[in-house]
Amino acid sequence: MKNLGIFIGFLPLIVFGILSGNTLESTQIALLAACIVSVVAGYKTLKRGFYLDWANILMFASALIGLSVLHITAIAEYMSIVIYLVLTLVAFGSLIAGVPFTIQYAKDMVDKSRWDHPVFKSVNIFMTAVWGCVFVINLALVTYGKFGTGSLAQLAGVAHIAVLVLGLVFTVWYPDHIQKKNRAQPSGSS
């Protein structure tokens, strides 16, 4: 899969989501597993300074220390909110810094001669902005799921998974769509 890079960046989050449960112990195990996956799966990208990978290791390691060493039990209860808050900051912070986090992964999939092309840059700015919106929507959903009541709150608590899936589908579809669109245009048009 050519978009594997960004999926590797999300792997610690997926591992945490699968392993975390409703107990402190399951949250500690999930945090430890997410830390291990962050280091193992992100070894090369951590060395290269990828924002998402560093955010993952810092977030999960801090939460693990906070929960296991400092016994701050609220971490377990609010971890989904913390995750989406951090991801939102990564996405929009990378845009503000002028290096959209998706561009770090895209450079591994695109020939170096295209890195300075305006389309390459604009595609990654747009993709990072879309991911930022995905994270904001999910932050709102998990927050409402946590503090709301009734079946709508329960639905919001799990709807974030569908939003993530849509984000992943978009990530696979959009670059290919732009490439096909640009190939279909005559040479002189833009």
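Aspartate 53 is found in helix H4, which covers residues 51-68; helices here are DSSP runs of H or I with at least four residues, numbered from the N terminus. The model is a predicted one, in which local features need pLDDT of at least 70 and side-chain atom pairs count only at pLDDT 80 or more, while totals for chains, interfaces and linings use all residues. Residues are numbered from 1 along each chain as its sequence is written, and side-chain values use heavy atoms, with hydrogens and water left out.

Helix H4 has 18 residues and reaches 25 Å from its first C-alpha to its last, close to the 26 Å expected at 1.5 Å a residue. That expected span is 1.5 Å times one less than the number of residues. Several residues of H4 are buried, among them Leu52, Asp53, Ala55, Ile57 and Phe60. The word buried stands for a relative accessible area under 20%, exposed for over 50%, and partly exposed for values in between, with a 1.4 Å probe and protein chains only.

A salt bridge is counted when a side-chain nitrogen of Lys or Arg is within 4 Å of a carboxyl oxygen of Asp or Glu. For aspartate 53, the nearest side chain of opposite charge is arginine 48, 8.6 Å away. In assigning charge, Lys and Arg count as positive and Asp and Glu as negative, whereas His and the chain ends are not counted.

Aspartate 53 does have polar partners. Its side chain makes a polar contact of 3.2 Å with the side chain of threonine 45, and a polar contact of 2.7 Å joins it to the side chain of tyrosine 105. A polar contact is a pair of N or O atoms within 3.5 Å; within protein, one must be able to donate a hydrogen and the other to accept it, and residues adjacent in sequence count only if both atoms are side-chain atoms. Leaving aside neighbours within four places in sequence, aspartate 53 is in contact (heavy atoms within 4.5 Å) with Gly9, Gly42, Thr45, Leu46 and Tyr105.

Threonine 45, one of these partners, sits in helix H3, residues 43-47. Threonine 45 counts as buried because its relative accessible area is 13%. Not counting residues up to four places away in sequence, threonine 45 touches Phe50 and Asp53.

Arginine 48 takes part in a salt bridge elsewhere: its side chain meets that of aspartate 108 at 2.7 Å, N to O. This pair links distant parts of the chain, with arginine 48 in the loop between H3 and H4 and aspartate 108 in the loop between helix H6 (101-106) and H7, 60 residues apart. Arginine 48 is partly exposed, at 47% relative accessibility, and aspartate 108 is also partly exposed, at 47%.

How many salt bridges does the structure hold? The count is two. Glutamate 77 is partly exposed at 43% relative accessible area, and lysine 146 is partly exposed at 33%.

Helix H7 covers residues 118-147 and also holds phenylalanine 135. Phenylalanine 135 is buried, since its relative accessible area is 1%. Not counting residues up to four places away in sequence, phenylalanine 135 touches Phe10, Tyr84, Leu87, Thr88, Ala91 and Phe101. Its C-alpha is 9.7 Å from that of valine 90, 45 residues apart along the chain.

Leucine 141 and alanine 153 are twelve residues apart in sequence and 8.2 Å apart in space, C-alpha to C-alpha.

The loop between H4 and H5 contains histidine 71. Histidine 71 has a positive phi of about 60° although it is not a glycine, and it counts as exposed at 58% relative accessibility.

Last come the cysteines. With a disulfide taken as a pair of cysteine sulfur atoms within 2.5 Å, the count comes to zero. Cysteine 35 is buried at 9% relative accessibility, whereas cysteine 133 is partly exposed at 42%.

Methods: Helices (H or I, at least four residues) and strands (E, at least two) are DSSP runs, numbered from the N terminus.
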